[in-house]
Amino acid sequence: MEIHRSKLMEFANRCLIAVGVPEQEASIISNSLVEADARGIHSHGLMRLPIYIQRMEKGLIRREAKMVVEQENRAAVVLDGNHSAGQVVATYAMNRAIAKAEEYGIGAVAVKNSNHFGVAAHYAMMASHKDMIGIVMSNTAPLMPPVGGAEKIIGNNPFAMAAPTDHKYPLVLDMALSQVAFGKILYAKSKGLSIPEGWGADKNGNGTTDPRAVLEGGFLLPLGGPKGFGLALMIEVVTAVLAGGAISKMIPSMYDLTQKQSISHLMVAIRIASFTEPDRFKQMASVLSSYVKEAKKASGIDEIYLPGEIELSLEEKRNESGIPISDNVIAELNRLAETLQVPILASNHS
Ligand SMILES: NC(=O)c1ccc[n+]([C@@H]2O[C@H](COP(=O)([O-])OP(=O)(O)OC[C@H]3O[C@@H](n4cnc5c(N)ncnc54)[C@H](O)[C@@H]3O)[C@@H](O)[C@H]2O)c1
């Protein structure tokens, strides 16, 4: 069912406010979830609202943010998120990085004791909207083995980078460090398809093309083998190790309702005007984008896309037409509303 963005925002806000999240913080969290659905990243959309709220009810995520700047050294800041909501912490941290970049040309905020912050691109784009380059990284609970391993050691740590152009959209790369998301393995299984080599391994760490072997105790594999694993590991270093936060196996799954998560992030903002004339930068970034868009196409290809373009154009369309939310997610959100005693999102039959 397609539902208008404002209705989804109102729904998520009333659920979060019902459990004691202050209005302004609720709106930051709701916007992250609704924006993900609008951009077609449904794995980070409203389907996450129930688990966020369960974690708040168990005291694993603070309902009201209480962040502490632990250290500040010119352009460098260490922020203790104090187990506040990931989106609220990440927004605060990127705003702080942007303010530092205004002053010093570059700002970096290392964050510890945060939570899942949703889609990384959002924070990188906060910087690109201000004529800055935004770089965002986060660690997550471990999900992937090292190369040759058969134990979860490293998360599919997200990495996002956004740069302004004078075209319609900024350039926005936003990716997880696993070859594919779990959803793609689930889809292959449901269709009885095999998966390409390199997507997953079985419980013994051996590569497999059988999606069932990945789902039954196996693992997602890092993007591009050792290179992706190395990149995920280095993200762990510049987030958690730098901030003094929890690493690797110290981080429980988001679905473990007995422990706090302690996620770390790194937010970097680079002020373009401190390096070059912003108009020139944006013009050259647009020329580069045009080279990509107008490149000779491989046979059978109708259009070449820039990083971020698919998601941002989808969002623009869905802001008008409404955002598709699956029946399963609507049913789960309605159950959540009933337990919180707030009006449901929508009837599946309306
Ligand atoms: N908060 C967390 O802990 C966490 C963890 C993992 C992932 N995530 C989020 O999950 C989301 C999905 O990650 P993903 O790796 O599955 O994304 P993806 O594979 O769908 O896209 C990765 C990048 O490739 C680009 N892209 C995709 N198809 C393209 C095409 N045909 N041509 C040109 N560019 C193309 C996208 O614009 C994007 O920048 C991200 O938003 C990420 O931040 C968050």
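Which kind of ligand atom is 2.8 Å from a polar backbone atom of Gly118?

A: It is a nitrogen atom of the ligand that is 2.8 Å from a polar backbone atom of Gly118. The model is predicted, so local features need pLDDT of at least 70 and side-chain atom pairs count only at pLDDT 80 or more, while totals for chains, interfaces and linings use all residues. Residues are numbered from 1 along each chain as its sequence is written, and side-chain values use heavy atoms, with hydrogens and water left out.

One is 2.8 Å from a polar backbone atom of Ala176, and a backbone N or O atom of Val172 lies 3.3 Å from an oxygen atom of the ligand. These are polar contacts (here, pairs of N or O atoms within 3.5 Å). The protein buries 72% of the 850 Å² that the ligand exposes when taken alone (Shrake-Rupley method, 1.4 Å probe).

The ligand sits in the largest pocket. A pocket is an open set of points on a 1 Å grid where a 1.4 Å probe fits, with protein on both sides within 12 Å along at least five of seven lines; a molecule sits in it if more than half of its atoms lie within 2 Å of its grid points.

The largest share, four residues, comes from β7. Helices (at least four residues) and strands (at least two) are DSSP runs.

The ligand has 20 residues around it, and Gly118, Asp174, Ala176, Gly308 and Glu311 come nearest (a heavy atom within 4 Å counts as near).

Key. A polar contact is a pair of N or O atoms within 3.5 Å; within protein, one must be able to donate a hydrogen and the other to accept it, and residues adjacent in sequence count only if both atoms are side-chain atoms. On a 1 Å grid over the protein atoms alone, a cavity is a set of points where a 1.4 Å probe fits but cannot get out, and a pocket is an open set with protein on both sides within 12 Å along at least five of seven lines; lining residues have an atom within 4 Å of a point.
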